[in-house]
Amino acid sequence: MAGIAIITGASGGIGFHTALELARQGMRVVVASRERDRGEAAAARIPKAAWQELDLADLGSVRRFTQRFLEAHDRLDLLVNNAGVMAVPRRELTADGFERQFGVNHLGHFALTGLLLPVLPVGARVVTVTSSLHKRGRIDFDDLMGDRRYRQLGAYAQSKLANVLFALELGRRTPLTSVLAHPGVAHTGLARTPSPVRAALIALARLSAQSAAAGALPSLHAATHPEVTTGEAYGPDGIAERRGYPTRVEVSGRGRDEDDARRLWAISEDLTGVRYGTFAGAQ
Ligand SMILES: NC(=O)c1ccc[n+]([C@@H]2O[C@H](COP(=O)([O-])OP(=O)(O)OC[C@H]3O[C@@H](n4cnc5c(N)ncnc54)[C@H](OP(=O)(O)O)[C@@H]3O)[C@@H](O)[C@H]2O)c1
């Protein structure tokens with residue numbers, strides 16, 4: 001595979017293995033993450049890769065990243081919206097005042113994708129990494145940022161449902177091939193900060209988790225398989241989609257709700273100030 005790919009959160013976990021395999025298949029890869037040391041160390045282990053600073057918790061950083069990319073490239077062949085944070089124990093805000101999980105996992109990627117539209121050609125793939133936990137999620141339109149009530153897993157599930165609504169709406173609004181992937185349960189750094197909920201998640205993961213490399217397979221399938229079409233979702237084929245080889249999976253009914261998708265889209269444009277307008281991608 002030729003071309004250039006941006007993988008957010010490729011400094012570790014699933015994103016690293018996604019980037020590594022894409023590079024092995026011949027793509028030039030941009031490792032987009034916030035911590036320089038981890039990012040540069042990851043890029044050094046991936047052929048033809050370079051690290052670029054991207055903090056999805058700061059719309060200024062998203063704009064600087066995309067501006068740099070647009071100045072240097074007239075085409076982006078693949079965008080993998082992979083970076084994520086999970087179960088942040090106490091409510092935290094991003095630089096722009098968004099609840100961190102919603103801000104990083106959804107709004108940051110919403111802005112990133114919108115700002116990269118000028119270099120994405122018709123049919124280019126945008127893979128958005130969600131979680132089977134999206135099925136537990138609800139979009140609380142009256143309290144999107146958890147001002148009134150913050151639940152660490154509830155906020156994560158909401159952000160992962162937002163990923164699903166975003167990816168499906170992106171496929172309806174643009175001629176891009178917008179595809180969802182989820183890794184099942186994989187050993188990664190996702191639960192880095194200690195908390196009782198995270199400790200329980202780690203214990204559960206130890207019982208049934210697959211490697212980060214295996215967790216990257218649905219993303220890689222979504223990114224590279226020739227028969228993938230827009231609006232599809234891929235995850236592991238094992239029990240409860242926890243582990244296994246990539247297969248087509250279903251998203252929840254709430255994830256397919258087109259009214260909610262349009263509503264979330266309008267709110268996301270207002271919050272980020274990024275308007276998608278009419279698609280005018282790269283030639
Ligand atoms: N692991 C699982 O079992 C599992 C299950 C379901 C879904 N997922 C999804 O898989 C994706 C990858 O997670 P993972 O398990 O590989 O976790 P991980 O090992 O913690 O990797 C997360 C990546 O996201 C990056 N990141 C975090 N905050 C960021 C920010 N503000 N701006 C830019 N990058 C940021 C991190 O970069 P830094 O190095 O700069 O911190 C890191 O590269 C996530 O979307 C997650 O929701 C994972």
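The questions and answers below cover helices, loops, a pocket and a cavity.

This is a predicted model: local features need pLDDT of at least 70, side-chain atom pairs count only at pLDDT 80 or more, and totals for chains, interfaces and linings use all residues. Residues are numbered from 1 along each chain as its sequence is written, and side-chain values use heavy atoms, without hydrogens and water.

Q: How far apart are the end C-alpha atoms of helix H1 (residues 13-24)?
A: Helices (H or I, at least four residues) and strands (E, at least two) are DSSP runs, numbered from the N terminus. The expected span of a helix is 1.5 Å times one less than its number of residues. For the 12 residues of H1 that should give 16 Å. The end C-alpha atoms agree with this, being apart by 17 Å.

Q: Which elements do the buried residues of H1 pack against?
A: Buried means under 20% relative accessible area, exposed over 50%, and partly exposed in between (1.4 Å probe, protein chains only). In H1 the buried residues are Ile14, Gly15, Phe16, Thr18, Ala19, Leu20, Leu22 and Ala23. Contact means heavy atoms within 4.5 Å. The partners are S1, S2, H2, strand S4 (78-81), helix H7 (212-215) and helix H8 (217-224).

Q: What is phi of the glycine that follows H1?
A: The residue is glycine 26. Its phi is positive, near 110 degrees.

Q: Why can residues three or four places apart point the same way?
A: This concerns the α-helix in general. Residues so placed point the same way because of the number of residues a turn, 3.6.

Q: What is the phi of lysine 48?
A: Lysine 48 sits in the loop between helix H2 (36-44) and S3. At 53% relative accessibility, lysine 48 counts as exposed. Its phi is positive in a residue other than glycine, near 55 degrees.

Q: Is alanine 240 buried or exposed?
A: Alanine 240 is in the loop between strand S7 (233-236) and strand S8 (246-248). Its phi is positive, near 55 degrees. With a relative accessible area of 56%, alanine 240 is exposed.

Q: Which residues does arginine 173 contact, leaving aside neighbours within four places in sequence?
A: Arginine 173 lies in helix H5 (residues 152-173). At 40% relative accessibility, it counts as partly exposed. Its contacts are Arg262 and Trp265.

Q: What is the volume of the second largest pocket?
A: On a 1 Å grid over the protein atoms alone, a cavity is a set of points where a 1.4 Å probe fits but cannot get out; a pocket is an open set with protein on both sides within 12 Å along at least five of seven lines; lining residues have an atom within 4 Å of a point. Grid points are joined across faces, edges and corners, and a volume is the space filled by probe spheres set on the points. For the second largest pocket that space is about 350 Å³.

Q: Which residues lie closest to the centre of the second largest pocket?
A: The lining has 17 residues. Ala, Val, Leu, Ile, Met, Phe, Trp, Tyr, Cys and Pro count as nonpolar, Asp, Glu, Lys and Arg as charged, and the others, Gly among them, as polar. The lining divides into 6 nonpolar, 4 polar and 7 charged. Closest to the centre are Arg138, Arg151, Gly154, Ala155 and Gln158.

Q: Which residues does alanine 155 touch, not counting residues up to four places away in sequence?
A: Alanine 155 is in helix H5. At 9% relative accessibility, it counts as buried. It touches Glu99, Gln101 and Tyr150.

Q: Which residues lie nearest the centre of the largest cavity?
A: The structure holds 3 cavities of 30 Å³ or more, and the largest has about 60 Å³ of space. Its lining divides into 5 nonpolar, 5 polar and 3 charged residues. Nearest its centre are Thr130, His134, His182, Val249 and Val251.

Q: Which residues does histidine 134 touch, not counting residues up to four places away in sequence?
A: Histidine 134 is in the loop between strand S5 (125-129) and H5. With a relative accessible area of 4%, histidine 134 is buried. It touches Ala157, Lys160, Leu161, Val164, Val251 and Ser252.
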